[in-house]
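Me: Could we go through this structure together? I would like to begin with the contact between the chains.

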Amino acid sequence: MTGTAQKKRYEGFEGRVTWLAFALLLALAGLCVRLWELQVIEGAQYADQAENNRLMNEPLKSPRGIIYGRDERVVLADNRAANDLVLVPALCSDPQSVIETLSQIIEVNKDALLADIASAEKRKAPWEQIRVKQDISRTELTLVEERSFALPGVYTVARPQRRYYYNQTAGQLLGFINKILPDEWERLRPRYKIDDVTGRAGLEQQYQEVLKGTDGAMIVSRYNGSVPQLKTDERGNPYVETDSKGRALEVEERIEPVPGGSIFTTLDIGLQRECERLLSGMAGAAVVLNAETGEVLAMASSPGYDPSIYVTNSPDRDTLIRTTEGDPSKPSSSRAHEFHYPPGSVFKVLLAIAGLEEGVINEHTTFGCSGKFYLPGVSRPWRCWRLRYGGHGGVGVVDALAYSCDVYFYNVGLKLGPERIKAWSSKLGLGVTTGIDLPREVPGLIPDPERKKRLAIEAKKTEPWYQKWYPGETVNMSIGQGEVVTTPLQNAVLMASVLNGGRRVRPYLNMELGPQVTEPLFSEETLRIVMEGMRKCVARDKPAPTGTGKEAKIEGLDILGKTGTAQVAGLQHVKHYSNEEDIPYELRDHALFVSGVTDRSPRIAVSVIVEHGLHGSSTAAPIARQIYEYFYLKRPDEPGSASVAQPLTIARREAGE
Amino acid sequence: MSRIERDLNLLEAHIHTFNYRNLRRLDWLLVGLTLALSIAGLFTLYSASQSAAVDAPFFSKYYVKQILFCSLGILMAMLIACMDYRALVSMAPFFYGLAVLLLIAVPLIGFTAMGGQHWLRAYGVGLQPSEFSKVALIYTLAWYLSRYQERIYKIGYFVGALAIAGILILLILIQGDLGTAIVASPLVFVMLFAAGCRRRHILAIVLAGCIIAPLGYFNLDRLPLKDHQRIRIVSFFHPEADPNYAKEAGYQIIQTKIAVGSGQMWGKGFGKGTQTHMRFLPVYHTDFIFALFAEEMGFVGGVILIGLYTLFLLRGLSLARDCPDLAGGLLALGSISVIAFHVLVNIAITLNLLPVTGLPLPFLSYGGSFFVTTMMCVGTVLSVHVRKGFFS
C-alpha cells in the first residue's frame with residue numbers, strides 16, 4: 001500500500017452521524033410545519049394582502065346628475081368636459097423645444113414645467129403625465145390641436161366639470177359644489193373619495209346623493225412604487241395603458257359608473273329671472289308659489305351670486321370665491337328661507353283668521369281706533385300708524401285688514417291670548433319650517449309665555465319680570481312685532497292658503513316630490529271675510545283712506561294683498577328724523593307685501609320683502625304688481641314657463657311613460 | 001465486471017490522485033438529486049428573470065448566467081470527485097493559509113457589494129473569498145481532527161480546533177459576511193461532535209454562546225456590527241419598531257411573508273408570482289428565492305422542494321457515515337453540513353423564523369461563487385464515496 005496510513009475511525013462516529021441526521025430531519029420537518037402555517041392556515045389572509053399590493057382601484061367618476069327647469073328644454077346645471085393638458089416626457093423627443101413651442105401658443109409656466117420633467121426623469125418615471133395646465137379653454141385647445149404635429153407627447157385628459165347656464169339666476173337655489181371637506185370625507189368614505197366634490201348649498205346639497213350617482217372603478221394591476229397613468233379617449237372615457245415608468249398595465253376589471261339622477265325643478269326660470277331683476281339694487285326676497293300645489297315657481301333673493309365661480313377655469317377663481325364668501329351682505333344665502341324677518345302687518349292676516357275661527361270676533365265686530373291704545377296699568381300708549389291722521393275711527397275686520405288698523409288687532413290679539421295665536425301660527429305654517437327641499441331653512445319664531453319662562457329659568461333669571469308674560473307682549477305680537485319673526489317663504493305659504501280655500505301647502509322645488517296639501521284648516525266664511533279684507537286692501541276705492549296695497553292693483557285681475565311694514569329699530573331711535581329719507585339705511589323699516597291672484601290659473605301666491613324698504617305699500621307692492629304683469633300679461637312664449645302650458649314632464653308622466 | 005477487475009480499478013484509483021474513471025463509480029442518487037435541485041433552481045430563476053427589464057440583453061438574464069455557473073460548478077464537482085480527497089486533505093494547511101490571505105487582502109483591494117460583503121473582481125468576474133474560505137475550513141478541520149483524533153478528547157486539542165475555526169470565522173465576520181459566519185460556526189461543532197470530542201466540551205461552548213448571545217443583543221451598540229446588520233437584528237424582534245419600516249428590513253419581512261403565504265396550497269403557477277413580478281419582494285433572485293418558489297408553487301411545491309433537499313442531505317449523511325476513513329467521513333459530513341445549514345437557515349429566514357441575514361439557498365439562489373462552492377462540497381462527498389471501497 002502506497003497511500004498514507006489510515007486513521008482508524010473512532011467507534012462512535014456512526015452513532016453520532018445518525019443523531020445528526022435525526023436532528024436534521026426534525027429541523028426540516030419544522031420548516032414544513034411553518035410552511036403549512038403560513039400557506040395553508042394563514043394563506044387566505046396573505047393572498048388578500050398580495051391582491052391589495054398588486055391591484056389598484058382607479059375610480060371612474062360618475063357624471064353628476066343634471067338639474068333641469070320645468071322640462072328638458074331648460075337646463076340649469078349640467079356637466080362639460082374640462083380638458084387638462086398633459087405632457088409625457090418619454091413621448092417627446094426634445095421636451096425643451098416642445099415646451100418652447102407650447103409657450104408660443106398658450107401661456108405656460110416654463111420653469112416649473114422643466115423642473116417637473118427633470119424630477120420625473122430623476123425618479124426614472126419618464127412616462128408620468130406632467131400637468132401643463134388644468135381645464136384649458138376652447139381656444140387654447142384648438143391652438144394646441146392645430147399644432148399637435150409639433151407637440152409630440154402633449155395631449156389632453158378630460159374630466160367632467162359642472163356647468164351652470166343661468167349664472168346668477170337661481171344661484172342660491174341651485175347652490176354650489178366644492179371639494180369635499182376632510183371631516184365630511186372621513187364620515188362618507190369609502191363611497192366618497194378625497195378628491196370628490198359635494199354640493200354645499202341649495203339643491204346641489206339637498207340632492208347630493210341623487211345627483212352623485214355611483215362611481216365605477218378600473219381595477220388595475222400595478223408595480224411596486226409606481227402610479228398608473230390615466231388617459232381619456234376621444235369620448236372622454238378614461239383608460240389605462242402604462243404606469244409612470246412605462247411598464248404596461250392591465251385593466252383586470254372595469255365597473256362602469258352609474259350616472260347621477262336628474263332633477264326636474266318646479267322653477268319657472270323666466271319668472272325667477274324677472275323677480276331677481278325687480279329686486280336688483282335692493283336687499284330682499286320674492287317668493288312665488290303655485291297656491292294650489294306649493295310648487296315654487298320663483299324664489300329670488302337679492303343680492304345674488306353665480307355658483308359658476310366654484311367651477312370656473314378662470315385664474316381668479318380663488319379671489320372670486322373669497323370675495324363672495326366674505327361679502328357681509330351674504331349673497332350666497334337665500335333670504336327667502338335662510339333669513340327671517342318680523343312680519344309686521346302681514347301677521348294681521350293670521351290674526352284675523354284666528355280671531356274669526358275662535359269666535360272672539362265676527363264680521364261685524366268693531367273696535368274704535370283713535371290712533372292710541374292703552375293697557376290698564378301702563379301709562380305709555382301703543383300707537384296705530386294712522387295716529388297723525390287721528391286713527392281709523394270705528395272699523396270692522398274687513399276694513400281693519402284693508403287699512404291695516406293696528407288698534408283693531410291689538411284688541412283681537414288680547415282676546416285670543418298668545419297661546420292661541422301661536423297655535424294658529426303653527427297650524428298655518430308661520431314660525432315653523434315649511435319643509436321645503438332646501439338645506440338651512442330657519443323656522444322663525446312665534447313667542448309664548450311657556451317659552452319665555454323656560455328661557456328665563458335656563459338663564460337662571462329668577463326675578464318675576466323675567467318669567468312673567470305681560471299683556472303688552474301680546475299686543476306687540478298682534479301686529480307681527482316683538483319677538484315674532486317669519487321667513488318670506490312662510491308668508492307665501494300663509495298667502496297660498498288664503499287663495500286655495502284654507503289649505504296649507506308644503507313648498508317644494510323637486511317636481512318628483514309632488515304636492516302635499518292639507519284639508520281646509522278654516523271655514524269658508526272666515527275665508528270669505530279675510531279675502532274681502534285683502535281685496536279691499538288692493539282696491540283703489542274712493543274716498544280715502546284707500547287700501548294700503550293699492551300699488552299692486554292691476555285692472556282686470558282679482559288681486560288680494562296685505563302690506564307690512566316691520567320696525568327694525570324702536571321708535572325712540574328714528575322719531576327725531578322729520579323726513580324718513582334721512583333715517584340711516586340700517587334703521588329703516590322692512591317693507592313686506594303678500595298677495596295673490598284668484599281669477600287666473602294657476603293661482604299664484606307672492607311674498608315680497610325689501611329690507612329697509614320703508615313701506616310695504618310703496619316699495620314691496622309695486623314689485624308684486626310687476627310680477628303679476630310679467631306672469632299673466634306680458635308673458636313671452638318662452639320654454640320652461642309655468643304660466644303657458646303644462647310642463648312637459650308631467651304630461652309625459654300622465655301619458656303613462 | 002469481475003471482482004478482480006474491480007479491485008484493480010480501485011487500486012488504480014488509489015495510486016493515481018486524479019483519475020477520470022472514478023466518475024463511473026459515482027453515487028448516482030446524489031448526482032441525480034443534485035441535478036434535480038439545480039434544474040429546479042434554473043426554472044425558478046427563469047421565472048425571476050421575467051420581471052427584469054424587458055429589454056435586458058440575453059446574457060445579462062439571471063437564468064442564462066446561472067447556466068454558465070452551473071456548468072462551471074459541475075465541472076468543479078467532477079474535478080474534485082476524480083481527485084483523491086486524501087491528497088487534498090494533506091494540502092489543507094495550504095488552503096487555510098490561502099483563505100486567510102484572501103480574507104485579509106480583499107478588504108484592501110476589493111469592493112463592496114449591496115449585501116455589505118467584499119468582492120474580488122478579476123477578469124470581469126466577481127469572487128467572494130468568504131464563500132471559498134468555507135471549503136477551506138472544512139478541509140482544515142478534517143485534516144486537524146483526523147490527525148489528532150486520539151487526543152481530541154483533551155481540552156487543549158479541542159481548543160486548538162476552535163482556534164483554527166475561530167480565526168477564519170472572525171475574518172469572515174470582519175468582511176461583513178454575517179451569513180457565512182453564521183453557517184460556519186455550527187459546522188465547527190458538528191465536525192467536532194462527529195470526530196469524538198467530549199460532549200461536555202461542546203455543551204460548555206454552546207452554553208457560553210447562549211449566555212453571550214443575549215448579552216450581545218442587549219449591547220448591540222458596542223458590537224463591531226454594521227448598521228444595516230444591527231437594524232436587521234432589531235427589526236426581527238420588533239418589526240414595527242423599525243423607523244424606516246416601509247423601506248427597511250421590516251418591509252422585507254412583511255412582503256416575504258405575504259409572498260409565501262399568498263401561494264397557499266397549490267401556488268399561483270409558474271411565472272405568475274405577483275409579489276415577485278410586481279416588485280414587492282426584495283432580492284427575490286438570491287436570498288429570498290424560496291419565497292418566489294413558494295409563491296408560485298404553493299405548499300405542495302414547497303414541501304416537494306424541501307423533500308428533495310431532505311433526500312439529498314440524508315443521502316449525503318449516509319455516505320459520510322459509511323466512509324471507513326475518519327478524514328473522509330469528516331470531510332463528507334462537513335460538506336453536507338454546510339449545505340444543510342444554508343438550506344435550514346435560508347428557509348427559516350424566508351419563513352420569518354430567524355432574523356434577516358444575507359444567506360443564499362443552495363442550488364436555487366442566483367450567484368456564481370456560491371453555486372461553485374456548493375458544487376465543490378458535493379464533489380467532495382462524491383470523492384469520499386468513490387474511494388470508500390478501497391478500505392473495506
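Me: How many residues of chain A are in contact with chain B?
Reply: 39 residues of chain A are in contact with 49 residues of chain B. Two residues are in contact if their C-beta atoms, placed from the backbone, lie within 7 Å.

Me: Which elements of chain A give two or more residues to that side?
Reply: They are helix H1 (13-41) and helix H2 (43-54) of chain A. H1(A) provides the largest share, 19 residues. Helices (H or I, at least four residues) and strands (E, at least two) are DSSP runs, numbered from the N terminus.

Me: And what is that side of chain A by class?
Reply: The side of chain A that touches chain B has 19 nonpolar, 12 polar and eight charged residues. Ala, Val, Leu, Ile, Met, Phe, Trp, Tyr, Cys and Pro count as nonpolar, Asp, Glu, Lys and Arg as charged, and the others, Gly among them, as polar.

Me: Before going on, what are the model and its numbering based on?
Reply: This is a predicted model, in which local features need pLDDT of at least 70 and side-chain atom pairs count only at pLDDT 80 or more, while totals for chains, interfaces and linings use all residues. Residues are numbered from 1 along each chain as its sequence is written, and chains are lettered from A and ligands numbered from 1 in the order in which they are written.

Me: Switching to chain B, at what angle do H2(B) and H3(B) pack?
Reply: Helix H2 (residues 28-50) and helix H3 (residues 62-82) of chain B pack at about 155 degrees, with their axes 8 Å apart. Axes are lines fitted to C-alpha atoms, for helices over the stretch in contact, and angles run from 0 to 180 degrees between N-to-C directions. H2(B) is therefore roughly antiparallel to H3(B), a term for angles over 145 degrees.

Me: Which residues meet there?
Reply: Among them, Leu42(B), Leu45(B) and Tyr46(B) in H2(B) meet residues of H3(B) including Tyr63(B) and Ile67(B). The contact of H2(B) with H3(B) has eight nonpolar, three polar and no charged residues.

Me: Back to chain A: what is the order of the strands in the open sheet?
Reply: The order is E1-E8-E11 in chain A, with antiparallel pairing. Strands E1 (55-60) and E11 (251-255) are the edges, each pairing on one side only. Two strands pair if DSSP finds at least two bridges between them.

Me: How many bridges join E8(A) to E11(A)?
Reply: Four bridges join strand E8 (residues 216-221) to E11(A). Ala217(A) has Ile255(A) as its bridge partner in E11(A).

Methods:
Angles under 35 degrees count as roughly parallel, over 145 as roughly antiparallel, 65 to 115 as roughly perpendicular and the rest as oblique.
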